[in-house]
Amino acid sequence: RMFYFLSQGSNSTSTSDYYSSYLNKAPLAMTGIGNDKAYRIWFKANTTKFTSATNYADARLKVIAAAQELYGVGSAEAKAVTRAYAAINVGLDIAE
């Protein structure tokens, strides 16, 4: 579900299947970054950062780090990763 939010974004309508009540910063619906960028970030984290001991909280930090390495600290992509994890209740939300 995190990958879907990351690539496609979410919806702010609570009756939507693509809604997350955990997104509480502006805007309430996050913007996705597309399949290509989401895949590149996930692949980098999965092949260079994850270990057999990686849990959800650790994965969040490692995927954020991968996004920052690929697109820069403070980039829209790094913010999207943070928001996508927040959307599944792993870590806190940030403003887009």
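**View 1. Glutamate 77 and lysine 37 form a salt bridge, with their closest N and O atoms 2.7 Å apart.** A salt bridge here is a side-chain nitrogen of Lys or Arg within 4 Å of a carboxyl oxygen of Asp or Glu. Glutamate 77 belongs to helix H4 (residues 76–87) and lysine 37 to helix H2, so the pair ties together parts that are 40 residues apart in sequence. Helices are DSSP runs (H or I, at least four residues), numbered from the N terminus. Glutamate 77 is buried at 11% relative accessibility, and lysine 37 is partly exposed at 30%. Buried means under 20% relative accessible area, exposed over 50%, and partly exposed in between (1.4 Å probe, protein chains only). The model is predicted: local features need pLDDT of at least 70, side-chain atom pairs count only at pLDDT 80 or more, and totals for chains, interfaces and linings use all residues. Residues are numbered from 1 along each chain as its sequence is written, and side-chain values use heavy atoms, leaving out hydrogens and water.

**View 2. Glutamate 96 meets arginine 83 in a salt bridge of 3.0 Å, N to O.** Arginine 83 sits in helix H4 and glutamate 96 in the segment after H4, so this pair ties together parts that are 13 residues apart in sequence. Arginine 83 is buried, with a relative accessible area of 0%, whereas glutamate 96 is partly exposed at 40%.

**View 3. Arginine 40 and aspartate 36 are joined by a salt bridge of 2.9 Å, N to O.** Both residues lie in helix H2 (residues 35–48), 4 residues apart, which is about one turn of the helix. Arginine 40 is partly exposed at 45% relative accessibility, and aspartate 36 is partly exposed at 47%.

**View 4. Salt bridges link Lys44, Lys49 and Glu69 in a network.** The whole structure contains 7 salt bridges.

Terms used:
Helices (H or I, at least four residues) and strands (E, at least two) are DSSP runs, numbered from the N terminus.
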